[in-house]
Every structure is written in C-alpha cells, then in structure tokens.
Amino acid sequence: MTSVIEVENLVKSFGTVRPVRSHEGTQGVSASNGVRAVDGLYFAVEEGTITGLLGPNGAGKTTTIQMLLDLITPTSGTIRIFGKEYKTAREAILQGLNFSSPYVSLPGNLTVYENLLTFGRLYGVKNLRKKIDELVDFFEIRDFLKKMTYNLSTGQLTRLNLTKALLNDPKLLLLDEPTASLDPDIADRTRQLLMRIKKERGVTILYTSHNMEEVEEICDKVIFIQHGKFKDEGVPAELVKKYGHEDLNDVFLTIARQHDTNPLMGTNDTNNVQP
Amino acid sequence: MKFYRIQALLIRHLYLFKRSFPRIMDIVYWPVMDILVWGFLSLYIEKLNITGFNAITVLLGAVVFWDFLNQSQKSVSIAFLEEVWEKNLLNIFVTPLRLSEFLGATVLVGVVRIFLVGIVLTSLSYVFYHFNLFAFGLYLIPFILNLFLFGWSLGIFTNAIILRFGTSAQILAFGFIILIQPFSAVFYPVSALPEWLQVVAHLLPSTYVFEGMRVVIATGSMPTSLMLSAFLANVVYLVLTLWFFARMFAYVKREGKLLKLEG
C-alpha cells in the first residue's frame with residue numbers, strides 16, 4: 001500500500017533546547033526557556049485509510065498536524081506528503097490536501113455561500129458553483145447557505161468546515177478533533193460522513209481525537225504518541241488484544257500513564273511502550 | 001503567481017464592503033473631515049492675502065496627497081488585520097496561496113479603497129473649494145503613484161511588525177504613518193526643517209513627492225529629478241519591506257506563532 005504521509009525523525013523545538021548527556025550516559029534534552037514538542041517522531045499513513053493520531057494533551061499532536069500543513073517549520077526531520085516535500089512542492093502538496101478543525105472557524109462575517117466561493121476560488125476549483133451544489137447536498141447544509149457564518153451552531157459549523165475541506169477534492173484530509181463539542185447525534189452523523197468520504201471518494205484521513213470509542217469505530221489504524229515521540233501503532237482491535245485490555249480507552253490509559261520521563265528533564269526514556 | 005488566488009481574496013474583502021456600513025464610513029469619514037477642516041483653514045488663509053502663497057492649492061493639494069498616502073498604508077494593513085481578526089490566517093495558508101499572492105491581494109484591496117477615497121476627495125475639493133486636482137494635467141499622477149508605492153511599503157512594514165509582535169502591535173496600523181508626516185514636508189518645504197532633519201526627510205520618498213507636488217502646482221512643469229528620486233527610494237523601501245515581511249513570516253512559522261497571533 002502506498003504511503004500518503006511519511007514522517008521521519010521529525011523534531012520541533014520551541015525556544016532554546018539543548019541536547020545533554022546524563023550521568024548514566026543516556027541522551028536527553030535540556031530546555032532553557034524552551035520545549036521540545038515533537039521529538040524524533042516517525043510514522044506513515046497509508047492511502048485510503050482513516051488513521052488516528054492519538055496521545056494525551058501536550059503529546060504533540062497539534063504541532064505535528066500543523067507541521068504537516070506547513071504552518072509550523074520543523075526544527076529537523078523529513079515530512080513527505082504524496083512523496084513530495086514542502087521545500088520543493090508546497091503548492092502541489094497543499095492543492096491535494098485539506099484541513100478541518102472545530103477550533104478553526106471560517107470568517108464569521110461572510111455568509112456560508114461566500115465562504116465556500118472564496119475557498120473554492122483559492123483552490124482554483126473548476127465549475128465551482130456546481131461543486132458547491134453537490135457538496136451542499138452531501139452535507140445537508142442547503143438551508144443555511146445564506147446565513148452569516150457567525151450565526152451557525154457548532155454542528156452546522158462542523159458540516160460547513162467539512163464542506164470546505166472537500167471543495168478541492170483532496171486526496172488527504174487532516175482532521176483535528178472533528179467531533180469535539182458536538183452532541184452525540186451530530187457526532188455520530190459526522191462519523192458516518194467521514195466513513196462515506198473515505199468509501200465514496202477514496203480520501204485518506206489523518207484524524208486526532210480523544211474519544212477512543214469513536215476511534216475504534218472509524219479508524220483502520222492508530223498511532224500513539226507521547227511527549228512528541230512515537231509510542232505504538234496498529235489496528236485498534238489488534239492493539240486492544242496486544243495490551244490485554246477490553247477497549248482502546250484502556251490502551252490509551254496504559255500508554256499515557258506508562259512511566260515515561262519528561263523529555264525536558266533529560267533522563268531515561270524508552271521509545272516504545274511495552275504492553 | 002496565480003491571479004485567481006489573488007482575485008479570491010480580493011472578492012472576499014469586497015463581500016465585507018457590500019454589507020458593512022462602518023467599513024464604508026471608514027473610507028469616507030476621515031478624508032471628508034480632512035477636506036472640511038483644511039479646506040476652511042485654506043479659505044481663511046486665502047483671505048489674509050499672503051503674497052505668493054495660494055493657500056487653497058498648496059494646503060488642499062497637500063491634504064489630498066496626504067490622504068492618498070494615509071489610505072494606501074491603512075488599506076494594506078487593514079486587509080491584513082481583517083484576516084487576523086477573523087482568525088482566518090490558518091484557513092488561507094493551508095491552501096496553495098503563496099505569500100506573494102497574499103500580499104498582492106492586500107495591495108489590490110488597497111487600490112480599490114484608494115480609488116473610492118480618490119473619488120470622494122477630488123469631488124469634495126471641487127464642489128466646496130473649486131480645487132481641481134487634475135487642472136495640473138498629468139504631471140501629478142506619477143507623484144500620486146509614488147505615494148501609493150510608499151504607502152504599500154509602510155503597510156507591509158507595519159504588517160510585519162504585527163506578525164512578529166502580535167495583535168498588541170495593531171495600533172501601528174493606524175498610528176505609524178503619523179511618524180512620517182513631520183519629516184515628509186507635507187505642508188511646508190523641506191528647507192523649513194532644521195538641517196539635521198532635512199537629512200532624515202531626504203530618506204523618505206514622500207518628501208520628494210510633496211516637494212514635487214508644490215513645484216507642479218507653482219510652475220506647471222514636471223520636476224523629473226524629484227519624481228525619479230521618489231521612485232528610486234520607493235524601490236529600495238519596497239524591496240526592504242518585502243524582505244522584512246518574508247523574514248517575519250518565516251519567524252512566526254518557526255516559532256509556531258501564526259495561530260497564537262490570532263488568539
């Protein structure tokens with residue numbers, strides 16, 4: 001299977017972070033007014049899958065997503081999307097992907113339709129009005145096309161964000177907690193939509209969420225990170241079995257609570273969690 | 001550079017004007033106030049019969065020119081701030097939009113705004129004071145274009161500072177231009193300044209423009225050297241401010257501040 005995203009030895013430090021060697025000779029990092037948010041991360045996302053990028057708060061998920069979107073420049077390491085790197089193929093990469101997050105809303109002072117027109121034009125979408133028409137039905141947002149965006153409910157905003165995210169027929173979707181703050185009904189509808197997007201459009205989705213039940217339901221594969229480092233990956237059901245738990249939530253807790261030093265302290269650390 | 005992406009942002013800003021009365025007022029209000037205050041002052045000075053000083057043309061011409069510079073800078077800064085206020089920088093920079101296209105769009109928004117301001121200023125000057133800016137032929141146009149260029153440089157510079165220091169620096173979008181005014185010889189010749197300040201004045205393209213404007217109004221001829229000096233200084237400022245903006249953009253991407261800027 002082809003990898004749509006390949007991340008190798010990705011590092012992101014903010015402020016001044018220096019490598020140190022402890023008295024036991026192990027490597028770590030010392031922060032002087034700084035933090036290493038992502039620390040030698042590596043993973044791959046295969047084409048046509050929904051992959052969950054999981055980890056506790058502060059694990060480095062959002063920083064990683066923002067580096068994947070070229071909003072943050074990595075300190076070192078390699079990101080390849082569609083086999084290309086941002087320094088040589090930024091436009092080609094961004095033309096083929098899109099992003100949605102409930103924490104990032106579209107301009108509230110435009111109507112829903114104006115927002116869709118604006119972003120469609122930014123992607124140079126051919127037959128834009130027809131494309132919007134098609135997506136509006138898919139996401140059932142026709143009723144509020146003329147509404148000002150600041151007047152939308154959270155559920156409506158999520159659907160609008162997803163509509164915007166499909167305008168350019170992306171091959172890759174990066175979704176940051178797409179169901180956060182949605183009621184169970186709307187959250188369920190959103191999950192069904194995401195599965196439809198994957199099935200009908202063959203879109204690869206990288207997905208962050210803290211809802212492990214949801215992750216088990218829709219993700220083909222999950223990647224656990226903590227303190228900016230890779231911890232484990234696999235098919236949700238297989239990981240549950242591997243760790244001897246009943247569900248992914250317990251796997252999450254095991255990984256999140258595994259004795260693991262803070263990377264800022266520069267002491268022992270293991271890259272992979274033992275079940 | 002893809003024009004359709006610049007056009008997309010331009011239309012996005014025009015949507016805002018379509019339904020926002022305060023935005024339209026912002027374009028019209030300050031120029032109208034300037035024209036009224038300086039126009040009546042000019043009329044008063046005119047009545048004093050100061051030999052060799054045509055108050056209406058010199059003062060009113062200076063006010064109109066100053067508003068061109070002011071609006072040119074402000075429009076570039078406000079187009080940028082609109083994206084910051086609406087927390088839209090992330091949305092637009094995850095599209096293939098280039099930094100040059102983003103800046104190009106803010107400048108184009110400025111052109112539209114200046115066009116509207118230009119209509120207001122020239123019409124009011126003519127209606128209230130019979131001052132016709134275009135009575136001096138085409139000679140003033142190169143100077144006006146130089147003011148636009150300098151305004152864009154100042155706008156891009158203030159945007160770079162806002163990018164670097166966050167929205168706490170947004171007051172610069174409205175106040176920075178005032179720093180330039182005393183040294184630009186807007187209402188008086190450069191020779192009126194102390195000698196050391198004349199050196200500072202000659203570093204600014206706007207100084208050559210206002211000096212040039214007075215020569216055109218007084219003699220009806222084109223002071224080519226002043227026009228070229230303004231243009232050369234503008235090229236230097238534009239290159240420097242574009243470089244500075246690109247550096248600050250790289251900085252916020254390195255430090256992860258693009259989103260924090262909006263927060």
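**Figure 1. H3(A) passes H1(B) in a left-handed crossing.** The model shown here and in the other views is predicted. The two elements are helix H3 (residues 112-122) of chain A and helix H1 (residues 3-19) of chain B, with axes that come within 8 Å and cross at roughly 165 degrees. Angles over 145 degrees count as roughly antiparallel, and H3(A) and H1(B) are therefore roughly antiparallel to each other. H3(A) contributes Glu114(A), Thr118(A), Arg121(A) and Leu122(A) to the contact. From H1(B) come Tyr4(B), Arg5(B), Gln7(B), Ala8(B), Ile11(B), Arg12(B) and Tyr15(B). Sorted by class, the residues of the contact of H3(A) with H1(B) are 5 nonpolar, 2 polar and 4 charged.

**Figure 2. The contact between chain A and chain B takes 25 residues from each chain.** On the side of chain B that touches chain A, at least two residues each are supplied by H1, helix H4 (89-93) and helix H10 (224-255) of chain B. H1(B) gives the largest share of that side, 8 residues. The class division for the side of chain B that touches chain A is 12 nonpolar, 5 polar and 8 charged residues.

**Figure 3. Helix H5 (residues 99-129) of chain B crosses helix H6 (residues 140-165) of chain B at roughly 130 degrees.** The axes of H5(B) and H6(B) come within 11 Å. In handedness, the crossing of H5(B) and H6(B) is right-handed. On the H5(B) side, the residues that meet H6(B) are Leu103(B), Val107(B), Gly110(B) and Ile114(B). Their counterparts in H6(B) are Phe148(B), Trp152(B), Gly155(B) and Ile156(B). The contact of H5(B) with H6(B) holds 6 nonpolar and 2 polar residues, and no charged ones.

**Figure 4. H6(B) packs with H10(B) at an angle of about 20 degrees.** The axes of H6(B) and H10(B) are 9 Å apart. Angles under 35 degrees count as roughly parallel, and H6(B) and H10(B) are therefore roughly parallel to each other. H6(B) and H10(B) make a left-handed crossing. Counted by class, the contact of H6(B) with H10(B) has 21 nonpolar, 5 polar and 1 charged residues.

**Figure 5. An open sheet of 6 strands in chain A has mixed pairing.** The strand order is E5-E6-E7-E3-E8-E9 (chain A). Strand E5 (97-100) and E9 of chain A are the edge strands, each pairing on one side only. From one strand to the next, the twist averages 20 degrees. Helix H5 (residues 154-166) of chain A packs on the sheet and touches E5 and E6 of chain A. The direction of H5(A) makes about 170 degrees with that of E5(A). Helix H1 (residues 61-68) of chain A lies across strand E3 (50-54), strand E6 (172-176), strand E7 (204-208) and E8 of chain A. H1(A) runs at about 150 degrees to E6(A).

**Figure 6. E8(A) and E9(A) form a hairpin with 2 residues between them.** Strand E8 (residues 221-226) of chain A pairs with strand E9 (residues 229-234) of chain A in the antiparallel sense, over 5 bridges. Across the pair, Ile225(A) stands opposite Phe230(A) in E9(A). In the turn, His227(A) has a positive phi of about 50 degrees. Within the sheet, E9(A) is an edge strand, and E8 stands between E3 and E9 in the strand order of chain A.

**Figure 7. The domain assignment divides chain A into domain 1 (3-96 + 170-257) and domain 2 (104-169).** The C-alpha centres of domain 1 of chain A and domain 2 of chain A are 26 Å apart. Each of these domains of chain A puts 10 residues into the contact between them. On the side of domain 1 of chain A that touches domain 2 of chain A, the largest share, 4 residues, belongs to helix H6 (residues 184-201) of chain A. That side of domain 1 of chain A has 7 nonpolar and 3 polar residues, and no charged ones.

Conventions: Residues numbered from 1 in each chain as written. Chains lettered and ligands numbered in written order. Predicted model: local features only at pLDDT ≥ 70, side-chain atom pairs only at ≥ 80, totals over all residues. Pairing = 2+ DSSP bridges. Axes fitted to C-alpha atoms, helices over the stretch in contact; angles between N-to-C directions. Parallel < 35°, antiparallel > 145°, perpendicular 65-115°, else oblique. Left-handed = near helix turned anticlockwise from the far one by under 90°. Contact = placed C-beta atoms within 7 Å. Nonpolar A, V, L, I, M, F, W, Y, C, P; charged D, E, K, R; others polar. Domains from an automatic or database assignment.
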